[in-house]
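Q: Can you walk me through this model? I'd like the overall picture before the details.

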Amino acid sequence: MLGATPGWPAVLADGPVLLRPYKRGDARAWSEVRVANQAWLAPWESAPPGPWAEMNSPRAYGYVYRDMKRAARRGESMPFAVCLVEHGRERLVGHVNLGNIVRRAFASAYAGYWVDYRVAGRGVIPTALALAVDHAFGPGGLHRIEVNIRPENGPSRRVVEKLGFREEAYHQRYMHIDGGWRDHLGYAMTSEEIVAEGGLLSRWKRVRASQ
């Protein structure tokens, strides 16, 4: 997935949490985790119409993979597969994307993420997002990361709040999800906010240690 995006492709890791570009061979693993997480993910995602199993099948992954590859090549996104490495084996358990990248004076991106409910609560996605944000502010050459989340999505809000993202906006009827136009809370972070702390991952490790 060679592209025009500074800092991309990239492989990032901290402990058992590994972020890497998607591979064509991820189809079966991606489909398994997506299908198993329908109840956990479907209420929060803007998805094309159709049965969840069909939209998240190994065949559907081919279209998803091509779209991600194309956007990364154009410099519009940095899509990461989130994996856990345990007992010498790598398991795909989630996704982090830095998308809608705008360069020059704005130098900004939107972050989106999801994680397998079977590993939720283990700090996987906060660690993954912290890794991605530090990479975006470093080799990625960005200055600001935004995250927009439905107010009802408590687990997703806890991720950004643990990491110290600022809540700065309420977007009415922001995105069409689950049959209607849904309000979202806007969170953001700029590179200056974490420089003194040695980066977002360092901040997150201190937060975890204090809990």
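Predicted model: local features only at pLDDT ≥ 70, side-chain atom pairs only at ≥ 80, totals over all residues.

A: Residues are numbered from 1 along each chain as its sequence is written, and side-chain values use heavy atoms, with hydrogens and water left out.

Q: How many helices and strands does the protein chain have?
A: The protein chain has eight helices and eight strands. These are DSSP runs numbered from the N terminus (helices H or I, at least four residues; strands E, at least two).

Q: And how much of the protein chain counts as buried?
A: Of its 211 residues, 49% count as buried, where buried means under 20% relative accessible area, exposed over 50% and partly exposed in between (1.4 Å probe, protein chains only).

Q: Let's take strand 5. Is it mostly covered or exposed?
A: Strand 5 is mostly covered, with six of its eight residues buried.

Q: How does strand 4 run relative to strand 5?
A: Strand 4 (residues 89–102) runs antiparallel to strand 5, joined by seven bridges. The two form a hairpin with five residues between them, and Arg104 in the turn has a positive phi of about 60°. Val102 stands opposite Ser108 in strand 5.

Q: What about strand 5 and strand 6, parallel or antiparallel?
A: Strand 5 (residues 108–115) pairs with strand 6 (residues 144–149) in the parallel sense over three bridges. Ala109 stands opposite Ile145, and Tyr110 stands opposite Glu146.

Q: Switching to helices: at what angle do helix 1 and helix 4 pack?
A: Helix 1 (residues 27–36) and helix 4 (residues 58–73) pack at about 110°, with axes 8 Å apart. Axes are lines fitted to C-alpha atoms, for helices over the stretch in contact, and angles run from 0 to 180 degrees between N-to-C directions.

Q: Which residues meet there?
A: Ala27, Trp30 and Ser31 in helix 1 meet Pro58, Tyr61 and Val64 in helix 4, contact meaning heavy atoms within 4.5 Å.

Definitions and conventions
Pairing = 2+ DSSP bridges.
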